[in-house]
4 protein chains.
Amino acid sequence: MSTHQPYTFGAGLWLFGQFIDRYATDAYGPPVGLLDAIDRAGQVGDLVALDINFPFDDGVSVADIKAALDRNGLRCHAITPASYSRKYRKGGLTNPDPALRRDCIEMYKAAIPHARELGAKYVKFWPGQDGYDYPFQSDYEDLWNYSVDAVREVAESAPDMQFAIECKFKEPRTHMLFCNVATTLLAIEDMGVDNVGIVMDLGHSFFAKETPSEAVQLAHRRGRLTSVEVNDNWREWDDDMTVGSVHLIETLEFMYTLRKIGWDEVILLDQFPFREDPVQAARESIATLRKLDALVDRLDVETLREAQNNQDALAAQRLVLDLFLG
Amino acid sequence: MSTHQPYTFGAGLWLFGQFIDRYATDAYGPPVGLLDAIDRAGQVGDLVALDINFPFDDGVSVADIKAALDRNGLRCHAITPASYSRKYRKGGLTNPDPALRRDCIEMYKAAIPHARELGAKYVKFWPGQDGYDYPFQSDYEDLWNYSVDAVREVAESAPDMQFAIECKFKEPRTHMLFCNVATTLLAIEDMGVDNVGIVMDLGHSFFAKETPSEAVQLAHRRGRLTSVEVNDNWREWDDDMTVGSVHLIETLEFMYTLRKIGWDEVILLDQFPFREDPVQAARESIATLRKLDALVDRLDVETLREAQNNQDALAAQRLVLDLFLG
Amino acid sequence: MSTHQPYTFGAGLWLFGQFIDRYATDAYGPPVGLLDAIDRAGQVGDLVALDINFPFDDGVSVADIKAALDRNGLRCHAITPASYSRKYRKGGLTNPDPALRRDCIEMYKAAIPHARELGAKYVKFWPGQDGYDYPFQSDYEDLWNYSVDAVREVAESAPDMQFAIECKFKEPRTHMLFCNVATTLLAIEDMGVDNVGIVMDLGHSFFAKETPSEAVQLAHRRGRLTSVEVNDNWREWDDDMTVGSVHLIETLEFMYTLRKIGWDEVILLDQFPFREDPVQAARESIATLRKLDALVDRLDVETLREAQNNQDALAAQRLVLDLFLG
Amino acid sequence: MSTHQPYTFGAGLWLFGQFIDRYATDAYGPPVGLLDAIDRAGQVGDLVALDINFPFDDGVSVADIKAALDRNGLRCHAITPASYSRKYRKGGLTNPDPALRRDCIEMYKAAIPHARELGAKYVKFWPGQDGYDYPFQSDYEDLWNYSVDAVREVAESAPDMQFAIECKFKEPRTHMLFCNVATTLLAIEDMGVDNVGIVMDLGHSFFAKETPSEAVQLAHRRGRLTSVEVNDNWREWDDDMTVGSVHLIETLEFMYTLRKIGWDEVILLDQFPFREDPVQAARESIATLRKLDALVDRLDVETLREAQNNQDALAAQRLVLDLFLG
């Protein structure tokens, strides 16, 4: 494929924080403050941008964050308000308590000036507690309407700011409302606003039973692809593993598709290296992404297109496997 | 819940035909002609409507079909053109060969006058071979465009006729293009026509990782719910088992949701009782559906809505389990 | 089915503790001490036995625990050493560091006298961190040998005590070594000891792709069924939901199978009601279990056996669905 | 890794036959006779051995088969009696009708002299209809006993012949009794015979939720690994795709594991290229296997073992990804 400007890479700041789960309740490592996490991100050496959670740690100002970013050669790419803490355990945007829904909407709005100040490209909605766990637990219409209305209200409050929804099939709820790309595109349509897009997360796509390359093109075709996050998993859960560790061929196809649609923005890592060194985990994923992108350079697209024009699976496979196997 | 006109039931005629798979290549039973299959359907005693495959058996005329339907007290509810036979093994609407795509479109069009003559409510698209099997095998944009253009052309050719797409995640391809309700709604939107809707198949929904009650409301809310088919499976494949045999609670929720959205049309069985008597399998499913619907009558909707308004899973579960467990 | 002594019920004490996950890092509720958790368990009113984690909270003595159990009419049914905290994040029994493996084995051994003092029926192995996450990460032979040797050593150190392995497919590792009943039975065989059995967890069985009724009989047939835990989930993850909330029919089949194999010991709840009241969640599950067991009383076993002798799925289904649907 | 004698390759003869499924009931291609299929296998150019279904086509003698094998430079590696046709649709070894169980056992026995005459290494049990579809349909004890007794009887009838069970999670039944390696090892143990082993099918392992490299070692460790078959799929169904097309990394790990356990026998292809040319599909898989095996040659096993000894996922991944990505 014809060459292009090399991709740049970013990461969710959570990648460098403290991990905990329901078993290792003493956490997989010691606490890490926001500014320390930025310094850790800086150690990767190859990152240029961060997605930073909001609210910030107590006592940490925007100026502190800017300074930490600057000293590490990083910029703020996105702000992700944390609508998934205890307070919102029964939902943020869809909490049954109108006061908590209001509270959550205001928390999102409160993030906007900080996002502006930090030069973020978008404010991200990742409404992890907005969904349901049990059959019959929820009125799906209500959940839909609450979600659509809430995101619309936030988006309309700041027409100059871009917003993006990161859809995910499940976790921490057994079912999330913005469960996959197609459903989220329909919800965005219902919002009737221009400044809401989609964060396409490769790993989420794997376990939503999507074909990631198909899903990312769907979002792109509708002009709603705001950001791209990457990782890998075993297709039943958001294992947040390093890139290409399980689904190498589909990850190559994803990189090919990004090239095809002309993606030229940062690619963000979304990983939870519970038992690994986060800095090293980031480096490994970036190395893999670069090498995959180099394989895309070498991909004989004309031959691939011919195979695809004939739905010739064997020819397409041979072309691709030869890249990996020499 | 307030009572309603009792549901009526129909079936795909394939339920009464010959079943075969890749192992029992001598088939699970003897061949069954189209008219014999209608007579078998008549034996169920409780069916009022059939979805009939097209083209019809050699030598069978519309008049023959009408006569067979009449003598069994049945009507034709839908016509399903068979775009999944050997000829279309690499795709019907999306076949890489333009001549075969054209052929397939014309086959769909040819079904329309027969559908009119038989009084069918809709012509169904179930494009089982339209998808892909391998990574990199297909250009997803092409598949999308071929599919959208083809359905649009057929729909526009007969503005008086209703059409409906039965989405399904996979089989016989490992991936189908119209894979779930949300994606298919987006495709219908791209068609820009009014006379294409969705056939919501409960079993397909289970293994597409949808929550069926959520998906059927999504289609309904957008005015695109044309028909409803039911069965059950183990959530990885279209096992086409009898209704409620695995997912009893979610099937009750689906029946509740049908009531909620005011569904008052026929409910169609889509089953493949490979090793069972098809007439008995139909009777059992209808018996289960009626009993589930009677449970919906007894459901205390006010209490349920209150539980849902509080996202009170335990209260909702207790209400529902008490219906089953006394 | 002929009636029997009513079942008694127990619970893992964690059901009444504090829940946390990787998102709600401020936890789903306030901290709960061990003794407070026992008092909460007592509030259920219908529990008789607890599975208690070890080591106990700092400053809590066996005498304190006994007192708390006594005042709540409870007994200690099992002790579960916590080999899944930060220290063991790369494995307890299989940690690559021999010193940590030794440490973990000694921790298990240290639990034994406490288990004796508390009158526990068994000490449970639930080695949640013993497995692997990535392809190529582990030598599976080593993991197997470490696991087998470690459990054998602990079991041989206390021939008077019963031990039991709770197998689980995954979480917190993406793959656990004792992943399902059949594999664990083979491992127990390799141990060559008599005092190690299996804790059959209904929910774990669902997402290990087992048929629970088949798996529990397999363990029973080999004389290795030590304990039974129950809950429900969506078959991809250990959602630890209330009993019967998703897989009602298979849960009935499980209760029927327990009756068939003559299970007459306590049935333990294993739930994580993140967003629900734990006491109420326990009560609801017990109510469901009792009602399911009452359905088993009413099951016409002779007719069922006849259906099974003919592999007559429709007859078996009708019999069972009639119990639920009247 | 140190080099070895190059692998040789074989195939199930079905790979070159006619494919049919429940939709394309007119089949994906024209009928292919047994002898023609052998000639097709010969066209691959790189096959040395075949697994041949029994009974043979009407009118085809062992001498005919020998001649066809000879002219194509092939040998008969295994005989697979077809216990999955219409007659056995409710089970072969476990059919509820004792006469059909007997009939099936005798059919297996009848295959033995032909297997001897053809020099087959083993007679394969692939009892595809032996399982169940619905909850409550079967008495799992009966199915187990019927299966164990039947295989034992056949095995004891010919102590000079090797037998092997190809386990598979499902299809054509929704659940098969010999569902995975561990369960089948337990069943073989219950048989108490020395001449029954396991056919480890890589694809079956993927969708049984096994880690193939772990499962194949389990069978090997117990001295029960009789044969190895390979292909790929999407982990929910036996898609029988070409090797490495989806799970490239795990297929490499499987090839590494085969080397590690000293596997030096033929590797058999088990594919159903519904829409592809079977000869080409076989060639592509063999090419992939050879290239993967060449990567194993280049694998720095010492460094890998060191990474595994530390459960260092990142180091192991880097080593492996570098083989693929240069």
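Which side chain of opposite charge is nearest to Asp130(C), and how far away is it? The nearest is Arg173(C), at 6.6 Å. Asp130(C) is buried yet has no salt bridge, because a salt bridge requires the two charged groups to lie within 4 Å. This is a predicted model.

**Around Asp130(C)**
- Asp130(C) sits in the loop between β4 (122-125) and β5 (131-132) of chain C.
- Its side chain makes a polar contact of 2.5 Å with the side chain of Thr94(C).
- The side chain of Asp130(C) also reaches the backbone nitrogen of Gly92(C), at 2.9 Å.
- Beyond its neighbours within four places in sequence, Asp130(C) is in contact with residues including Gly91(C), Leu93(C), Asn95(C), Met176(C) and Leu177(C).

**How chains C and D are related**

**The interface of chain C and chain D**
- Contact involves 56 residues of chain C and 57 residues of chain D.
- The buried area is about 5000 Å², and carbon and sulfur atoms give 50% of it.
- Phe136(C), Lys209(C) and Gln311(C) supply 20% of the area that chain C buries here, more than any other three residues.
- Twelve salt bridges cross the interface.
- Asp139(C) and Arg305(D) meet in a salt bridge at 2.7 Å, N to O.
- There are also 36 residue pairs in polar contact across the interface.

Methods: Residues are numbered from 1 along each chain as its sequence is written. Chains are lettered from A and ligands numbered from 1 in the order in which they are written. This is a predicted model: local features need pLDDT of at least 70, side-chain atom pairs count only at pLDDT 80 or more; totals for chains, interfaces and linings use all residues. Side-chain values use heavy atoms; hydrogens and water are left out. Helices (H or I, at least four residues) and strands (E, at least two) are DSSP runs, numbered from the N terminus. Buried means under 20% relative accessible area, exposed over 50%, partly exposed in between (1.4 Å probe, protein chains only). Lys and Arg count as positive and Asp and Glu as negative; His and the chain ends are not counted. A polar contact is a pair of N or O atoms within 3.5 Å; within protein, one must be able to donate a hydrogen and the other to accept it, and residues adjacent in sequence count only if both atoms are side-chain atoms. Contact means heavy atoms within 4.5 Å. Buried area is the accessible area (1.4 Å probe) that two parts lose on being put together, summed over both.
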